[in-house]
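Welcome to this short tour. Open your viewer, show the whole chain, and get ready to select a few side chains along the way.

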Amino acid sequence: MNLAALRHNLRRVRALVQPGVAVLAVVKADAYGHGAAEAARVFVEAGAWGLGVSSVTEALELRRAGLRAPIIVLGGVFAGEEPEVAAADLEIALWDADRARALAAAGRSVRVHLKIDTGMTRLGLDLAAVHEFGELVRGLGGLEIAGVFSHFASADAVDTAAAHAQATRFAGALEALAAVGIRPPHVHLANSAAVLSAPAAHFTMVRPGIMLYGYPPAPHLAARADVRPAMRFATRITQLRRVPAGTPVSYAGTFVTARPSTIATLPVGYADGYHRLASNRARVMVRGRHAPVAGRVCMDHTMVDVTDVDGVRAGDPVVLFGDGPGADELAAWCETIPYEMLTAVGKRVPRVHVEEFADA
Ligand SMILES: *Cc1c(COP(=O)(O)O)cnc(C)c1O
């Protein structure tokens, strides 16, 4: 992981929002696979107000790693976790009356962020229920309404109509709360796509994820994002062999050499997050040349055709994504999105954090 790239990307977000707008760096899913504690430290030092995670478990890991910055648990709290939320001083997404009562009874005053569903149909309050729920939470005592928020379903679309409709519904929820005197200090709606495309939706805080890791949420937002990939997924050639034309490679022999070929075996497979859909589709980078994946990706191994790579040797470094193919290119070959390529990188792949890649 390239720490300088993470820092650059956080600064890009800062440059895209007004000075008074807080940045909640989203570090859920182990910071999109980059190592949550390390990434969180870089973001906080570079000016993030706080950290966004999905679960209480993820938040407690950050606290154990020594991070003292505000943490908002965007996915809410499971029944039974309320005392830990209070003890670890976490801020929590809230839309459920039972959880509200349990949090209010958890000891110290817990900061909550009312979650409104404005069109994602995932988590949150229906618009019609917003003001009543706000009054219930206020009436409980023991809870501080620190924020109100919602999440965009399609802010990355070229057509912004659906995102506009969501922003309008969100404004309606803010009005409903204001009508009963609830005006939380933090109001947040913008993911990376909205950081880039919807300044009117920045409110008091933005919640970027993917762009902090160096990928635009959609190709049409790439130029404005101007971010650098922070992860390089790399390995080395474990074995190299010359084979004649007509040689089947990997399970089921879906690739058969058309000429005398040099096949390299890489010690990375789908168990490491190198997707099986990359079989016969993706390319890797060896000695500055692209080499195609030959045959099926296995659990622990992948073969690539390096016939056209001059001077290739066993032990040569190979880039699966990062520079050479980006995680977005690999995602396109695998019919998915860069988010999944980054977060899929497996537990047994060691994370190495450096200030800057030596050969970048
Ligand atoms: C993951 C997530 C984000 C960040 O989204 P990106 O598209 O990665 O910027 C923001 N808010 C919530 C609620 C999320 O779940």
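Accessible areas here come from the Shrake-Rupley method with a 1.4 Å probe. By that method, the surface of the chain comes to about 15400 Å², and 53% of it belongs to carbon and sulfur atoms. Keep in mind that this is a predicted model.

Begin with the whole chain in cartoon view. You will find 12 helices and 17 strands, and the C-alpha trace spans about 80 × 40 × 35 Å along its principal axes. Of the 360 residues, 51% are buried.

Next, select F170 and F203. Their rings form an edge-to-face aromatic pair, 5.3 Å centre to centre with 80 degrees between the planes. F170 lies in helix α8 and F203 in the loop between α9 and β8, so the pair ties together parts that are 33 residues apart in sequence.

Now move to F233 and F321, another edge-to-face pair, with 5.6 Å between centres and 75 degrees between planes. F233 belongs to strand β9 and F321 to strand β17, 88 residues apart. How covered are they, buried or exposed? F233 is buried with a relative accessible area of 3%, and F321 is buried at 1%.

Finish with R232 and F357: the charged end of R232 sits over the ring of F357, 4.2 Å from the ring centre.

How values were computed
Residues numbered from 1 in each chain as written. Predicted model: local features only at pLDDT ≥ 70, side-chain atom pairs only at ≥ 80, totals over all residues. Heavy atoms only, no water. Helix = DSSP H or I, 4+ residues; strand = E, 2+ residues; numbered from the N terminus. Buried < 20%, exposed > 50% of the residue type's maximum accessible area, 1.4 Å probe, protein only. Phe/Tyr/Trp six-rings, centres within 6.5 Å; stacked < 30°, edge-to-face > 60°. Lys NZ or Arg CZ within 6 Å of the ring centre and 35° of its normal.
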